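This report concerns a single protein chain and selected contacts within it. The sequence and the coordinates are displayed below.

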Amino acid sequence: MLGVYISGLKRNTGKSVIAGGFLGTMQSLGYRTGYYKPIMTGSGNDFCDAKFINRIDSNIITLTSYNFPNAVQPLIGAYEAGIKKIDIPSLIMDYRRISNNSEFSIVEGCNSIASPIDEKKTEISLINQFGLPLILVVDPTINTLDEVIQGVNYIYTNRTKLMGIIVNNYDKNSENLEHKYFPQLIKEFTSVKIIGEFRHYENLQNLAPESLIADTLNRFNLEEIFGLRIAKLVK
């Protein structure tokens, strides 16, 4: 069983797109896949994370433990729902249910690695309790370089295993020079591996699953990222 945790430093950096690409691709290659979203905020929207994953491939096992309708921090969502405390042991049990029934699973974070999930813990505590390596998704149109540097330092301070960074919504020909050189500057100032750079989609609601899978295969070396040999990818 192979599992990873995908998170970001802010909302809307494309975590679900990356998760959907990886899961849809692995499912299409014959792997039994699972998607776990411990805490989902903004679930009142027609286009929320779990619905997007299901649209990519309905065979992907999906599970969410807490659904809060407003797009707010998890702790605030809990307060609004009248929940005094998010039950972290139950989150761990739910993750095990997904991981035990899949060969490849992804846990997707809520908002960011520093999002509070109770009065004393942030999401990064959850990542460490799951014992999963982290893939950080950043977007140069949303995140700044200093945020990424601070985020990486926060990850290392908490002794979390960081697999690498994916730069989503990236345009190498951007006229914005900070966007254009974003991946290069991340490597220079953090020494973190850039796993890949992913394209921008104008309309996610109309994104064809086969297009996302093709882009995932073209832009990522799945065997190198996940340290496995995929027979169908061997030429």
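The text below covers strand pairing, salt bridges, aromatic pairs and one serine in a loop. The model is a predicted one.

**Strand S1 and its partners**

Strand S1 spans residues 2-8. Six of its seven residues are buried, so S1 is largely enclosed by the rest of the structure. It pairs with S4 in the parallel sense, over five bridges. In that pairing Leu 2 stands opposite Phe 104 of S4. S1 also runs parallel to strand S5 (residues 134-138), to which four bridges join it. There, Gly 8 has Val 137 of S5 as its bridge partner.

**Salt bridges**

Side chains of opposite charge can pair when their charged atoms come close. The count of salt bridges comes to five.

| Salt bridge | N to O distance |
|---|---|
| Lys 10 and Glu 147 | 2.9 Å |
| Lys 37 and Glu 108 | 3.2 Å |
| Lys 193 and Glu 224 | 3.0 Å |

The side chains of Lys 10 and Glu 147 meet in a salt bridge. Lys 10 lies in the loop between strand S1 and helix H1 (15-28) and Glu 147 in helix H6 (residues 145-157), so this pair ties together parts that are 137 residues apart in sequence. Lys 10 has a relative accessible area of 35% and is therefore partly exposed.

Glu 108 forms a salt bridge with Lys 37. Glu 108 is in strand S4 (residues 104-108) and Lys 37 in strand S2 (residues 33-41), so the two tie together parts that are 71 residues apart. Are these two residues buried or exposed? Both Glu 108 and Lys 37 are buried.

The salt bridge between Glu 224 and Lys 193 links distant parts of the chain, 31 residues apart: Glu 224 belongs to helix H10 (residues 222-226), and Lys 193 to the loop between helix H8 (182-190) and strand S7 (194-197). Lys 193 is partly exposed, at 42% relative accessibility.

**Aromatic pairs**

Across the whole structure there are nine aromatic pairs. The ring centres of Tyr 36 and Phe 130 are 6.3 Å apart and their planes are at 50°, so the pair is tilted. Tyr 36 sits in strand S2 and Phe 130 in helix H5 (residues 123-130), 94 residues apart. The relative accessibility of Tyr 36 is 0%, which counts as buried. Phe 130 is buried as well, at 9%.

Phe 130 also pairs with Tyr 95; this pair is stacked, with 4.9 Å centre to centre and 25° between the planes. Tyr 95 comes from helix H4 (residues 88-100), 35 residues from Phe 130. Both Tyr 95 and Phe 130 are buried.

Elsewhere, ring pairs link Phe 22, Phe 104, Phe 198, Tyr 201, Phe 220 and Phe 226 into a cluster. Phe 104 is the residue that stands opposite Leu 2.

**Ser 174**

Ser 174 is found in the loop between strand S6 (162-167) and helix H7 (177-180). Its relative accessibility is 14%, so Ser 174 counts as buried. A polar atom of the Ser 174 side chain lies 3.1 Å from the backbone nitrogen of Asn 176. Leaving aside neighbours within four places in sequence, Ser 174 is in contact with His 179 and Lys 180.

Note on methods. Residues numbered from 1 in each chain as written. Predicted model: local features only at pLDDT ≥ 70, side-chain atom pairs only at ≥ 80, totals over all residues. Heavy atoms only, no water. Buried < 20%, exposed > 50% of the residue type's maximum accessible area, 1.4 Å probe, protein only. Polar contact = N/O pair within 3.5 Å; in protein donor to acceptor, adjacent residues only side chain to side chain. Contact = heavy atoms within 4.5 Å. Salt bridge = Lys/Arg side-chain N within 4 Å of Asp/Glu carboxyl O. Pairing = 2+ DSSP bridges. Phe/Tyr/Trp six-rings, centres within 6.5 Å; stacked < 30°, edge-to-face > 60°.
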